[in-house]
Amino acid sequence: MNKSIRILSVLAGVQLVLVALVWFGRSDGGANVPLRLVEFAPASAAKLTLANDTQSVELTKDAAGWQVQANGQVHSADATQVNNMVNNLAELQVQWPVATTSDSAERFEVSAKKFQRRVELQDDSGAQLALLYTGTSPGLGKVHARSDAADEVYTVDLANHQLPMTLDDWLDKALLALPKDLEEITVQVGAEDTKKTWQLRNDLAQGWLLDNAKADQAAVLSYLGQLQNLRVIGLAEMGAIVSQDSEPFVEVGSLRWQSKQAAGVLVLHASIGQEAEFLLSTDDKTSKYRVTTRVGEGFLPDKEDLKGKLPNEEPPA
């Protein structure tokens, strides 16, 4: 009996030692590198595909930067947002699994058949870098996750809302912002038969000129700042633009710009109804973007607001 007790005591001691070795090997304070949910080099990622049970979003990187594709549309993505997410996925640390069976994967919604998010990363050759699933949440800012390469389910510092499923969520909201080195702007307001046109031109000697006359420099710089910091809300739904019964939005003017390196045109559309709504598009008008009322109302200012004072002119009383 005593011999059996001694043997059991020795075995228990060995188990404690093994547990301690595993614990310290996995903890941040140990000498070993912390374990990661998936292992890949963020710089190698050229494609990020997110899917839930009803839709998917595809983010791809090319020479122009990151692009977002959904519902057959492709637009510029917010590169900082995408890069941050790729880095976050590469840095997800894990310690003790909360489950290790296929039944548990189903229960935590991280199986190949049942998941809340399926996240796949590929390099520029199409080779898979990582595949993981996220599911239920055990708490704020936490989610259950599993790598496709293993059965273990872990709790990681991530939330499903950080992996959004709409194009607008990944869209580069500054994709219509004008460059800083503007040299010329031509504004057209009104329909073709009643249009009014005026021009701003940057003269190296005199500063900004309004139709070749000295402009109010502070007012012009304030206006240009609005254009250079322009942000869109998201893509306009085509159903809200074109209707069988009416045309809720009409073109109210355009802005043609020229910088040292590029040129372009932005077109403003306004709603006909009582609620003021505005859309912006480039000159091909293939895509229209929603903007705030503040942006829409300030996009095509009155020429008089940018005029410089004549010599000896008194300000209005």
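Gln67 counts as buried in this predicted model, because its relative accessibility is 14% and buried means under 20% relative accessible area. The residue lies in strand E3, which covers residues 65-70. Leaving aside residues up to four places away in sequence, Gln67 touches Glu58, Leu59, Thr60 and Asp62, and also Val74, His75, Ser76 and Ala77.

From this single residue we can turn to the sheet. An open sheet of nine strands, with antiparallel pairing, has the order E12-E11-E10-E9-E14-E15-E16-E17-E13. Its edges are strand E12 (213-214) and strand E13 (234-235), and because each of these has a single partner strand, one side of each is left without a neighbour in the sheet.

E16 is then joined by four bridges to strand E17 (residues 288-291), the two running antiparallel, and here the bridge partner of Leu279 is Arg290 in E17. E16 and E17 also form a hairpin, with five residues between them, and Lys285 in the turn has a positive phi of about 60°. Strand E16 (residues 278-282) is largely enclosed by the rest of the structure, because four of its five residues are buried.

In soluble globular proteins, nonpolar side chains tend to be buried together. The largest nonpolar core here has 63 residues, and of these Leu89, Ile185, Leu200 and Leu255 touch the most other members. Helix H2 (residues 79-90) gives the largest share of this core, five residues. Apart from it lies another core, of eight residues, including Ala99, Ala105, Leu131 and Val153. The contacts of Leu255, not counting residues up to four places away in sequence, include Leu178, Ile185, Thr186 and Val187, together with Tyr223 and Leu227. Leu255 also touches Gly264, Val265 and Leu266, as well as Phe299 and Leu300.

How many aromatic pairs does the structure hold? The structure holds one aromatic pair, formed by Phe115 and Tyr133, whose rings lie 5.6 Å apart centre to centre with 40° between the planes, an arrangement that is tilted. The pair links distant parts of the chain, since Phe115 is in the loop between helix H3 (102-107) and strand E5 (117-122) while Tyr133 is in strand E6 (residues 128-134), 18 residues apart. Phe115 is buried, with a relative accessible area of 17%, and Tyr133 is likewise buried, with a relative accessible area of 3%.

The charged residues can be considered next. A search of the whole structure finds seven salt bridges, one of which brings together the side chains of Asp157 and Lys142, at 2.3 Å from N to O. This pair links distant parts of the chain, with Asp157 in the loop between strand E8 (154-156) and helix H4 (167-170) and Lys142 in the loop between E6 and strand E7 (143-147), 15 residues apart. Asp157 counts as exposed at 53% relative accessibility, whereas Lys142 counts as partly exposed at 33%.

Asp203 forms a salt bridge with Arg201, with 3.7 Å between the closest N and O atoms; Asp203 counts as buried at 18% relative accessibility, while Arg201 is partly exposed, with a relative accessible area of 27%. The side chains of Glu304 and Lys307 also meet in a salt bridge, at 3.3 Å from N to O. Glu304 counts as partly exposed at 49% relative accessibility, and Lys307 is partly exposed with a relative accessible area of 41%.

Key
Residues numbered from 1 in each chain as written. Predicted model: local features only at pLDDT ≥ 70, side-chain atom pairs only at ≥ 80, totals over all residues. Heavy atoms only, no water. Phe/Tyr/Trp six-rings, centres within 6.5 Å; stacked < 30°, edge-to-face > 60°. Buried < 20%, exposed > 50% of the residue type's maximum accessible area, 1.4 Å probe, protein only. Salt bridge = Lys/Arg side-chain N within 4 Å of Asp/Glu carboxyl O. Pairing = 2+ DSSP bridges. Core = buried A, V, L, I, M, F, W, Y, C linked by side-chain atoms within 4.5 Å. Contact = heavy atoms within 4.5 Å.
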